[in-house]
Amino acid sequence: MGETALVVDGVTVQFSGVTALDDVSFEVRPGHIHAVIGPNGAGKSTLFNVLSAVYRPVSGSVRFHGTELTRLRPHRLAALGVARTFQNIALLPGASVTENLLLGRHDLLRPSGLRRNTRAPAAAHRERVREIARFIGLGDLHDVPAGELSYGDQKRVEIARALCMEPRLLLLDEPAAGMNAHETAAMARLIRDIRDSLDIPILLVEHDMGLVMGIADRVTVLDFGKRIADGTPREVQRDPEVLRAYLGSGDDTAAHPSPAGPPGPHHPAPSPEN
Ligand code: ADP
Ligand code: MG
């Protein structure tokens with residue numbers, strides 16, 4: 001069956017009386033796109049924050065190729081090869097695309113970084129960054145200030161910056177949030193290209209059912225902090241518990257699980273997530 005890249009085992013997170021995650025377990029296989037979906041309040045952001053060592057669970061463990069992540073400081077994750085994006089755009093607007101991407105290599109540039117083998121002259125880093133930008137479809141925009149890019153391109157820069165860490169696991173937090181149908185479809189192609197070309201597992205927390213069902217190899221569904229389903233997109237889409245959770249939630253996204261995903265607002269107000 002092959003090894004497992006990430007093992008989430010019995011993770012429970014509580015916030016003063018609220019159980020945001022209740023004994024959640026699942027496994028991410030190498031080379032898979034693994035999506036975590038669920039209605040609002042299901043625990044998706046909490047899970048993402050556990051995986052990026054921002055929150056520490058009261059019980060359970062998260063192992064990445066055998067290394068326990070839940071007791072690490074967030075910055076140590078980068079050294080292990082775990083890269084994340086943020087739901088709200090967090091770029092330096094006045095800095096060029098290339099400069100923003102070079103920030104993604106910060107950990108590789110530090111001599112004290114764990115992954116010394118990736119130390120290289122500045123010119124080599126710059127070349128690698130431009131190569132990643134071309135791969136992501138930003139090849140014409142190297143010198144453009146990030147703040148002048150379209151919303152969709154800014155989201156691409158965020159993903160490119162994560163790839164500049166040369167990750168062994170990519171965590172994407174709602175990459176299609178605020179995108180229209182066209183941008184969402186382009187994002188879906190990009191995520192699939194990353195999996196196919198770089199062969200790294202991708203864990204995707206996503207609200208847009210359409211995006212997930214079109215690209216995920218495996219889907220874990222959360223509701224009220226509990227795992228209610230885990231399987232292929234086909235399997236979870238037919239699961240009565242999943243249908244009940246989504247239909248009962250008054251959740252707009254769930255009401256339109258079309259392959260292209262629902263058209264969304266273009267530039268959403270920043271949400272308080274993360
Ligand atoms: P989702 O991202 O799926 O919408 P969240 O992980 O944000 O869900 O929230 C899961 C539950 O935990 C909700 O009931 C939410 O109100 C609660 N919660 C999340 N973060 C906090 C926090 N920092 N303090 C208190 N309660 C929280
Ligand atoms: Mg959330």
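Predicted model: local features only at pLDDT ≥ 70, side-chain atom pairs only at ≥ 80, totals over all residues.
Residues are numbered from 1 along each chain as its sequence is written, chains are lettered from A and ligands numbered from 1 in the order in which they are written, and side-chain values use heavy atoms, with hydrogens and water left out.

Now the overall picture. The chain has 10 helices and 10 strands; these are DSSP runs, numbered from the N terminus, with helices being H or I of at least four residues and strands being E of at least two. Of the 274 residues, 54% are buried. Buried means under 20% relative accessible area, exposed means over 50%, and partly exposed is in between, using a 1.4 Å probe and protein chains only.

Let's look at one helix. How many of the 8 residues of α3 are buried? The count is 6, so α3 is largely enclosed by the rest of the structure. Those buried residues are V97, T98, N100, L101, L102 and G104.

T46 sits in helix α1, residues 44–51, and counts as buried because its relative accessibility is 11%. Beyond its neighbours within four places in sequence, T46 touches V13, F15, A20, L21 and Y55.

T85 is in a loop instead, between β6 (82–84) and α3 (97–104). Is T85 buried or exposed? With a relative accessible area of 5%, T85 is buried. Setting aside neighbours within four places in sequence, T85 is in contact with F48, E158, I159, A162, L171, L172 and D173. For D173 there is a further detail: its backbone nitrogen lies 3.3 Å from a polar atom of the T85 side chain.

Rolling a probe the size of a water molecule over the atoms shows where empty space is left. On a 1 Å grid over the protein atoms alone, a cavity is a set of points where a 1.4 Å probe fits but cannot get out, while a pocket is an open set with protein on both sides within 12 Å along at least five of seven lines; lining residues have an atom within 4 Å of a point. Grid points are joined across faces, edges and corners, and a volume is the space filled by probe spheres set on the points.

There are 2 cavities of 30 Å³ or more. The second largest cavity has a volume of about 40 Å³, and its lining is T85, F86, K155, E158, I159, D173, P175 and M187. Which helix gives the most to that lining? It is α6, with 3 residues. At least three lining residues come from each of domain 1 (1–81 + 167–274) and domain 2 (92–166), with bounds from an automatic or database domain assignment.

Finally, the second largest pocket holds about 420 Å³ of space. Its lining has 19 residues, with A78, A83, R84, F86 and M165 nearest the centre. The elements giving two or more residues are α2 (74–80), β6, α3, α4 (106–109) and α6 (151–163), and α2 gives the most, with 4.

Conventions:
Contact = heavy atoms within 4.5 Å. Polar contact = N/O pair within 3.5 Å; in protein donor to acceptor, adjacent residues only side chain to side chain.
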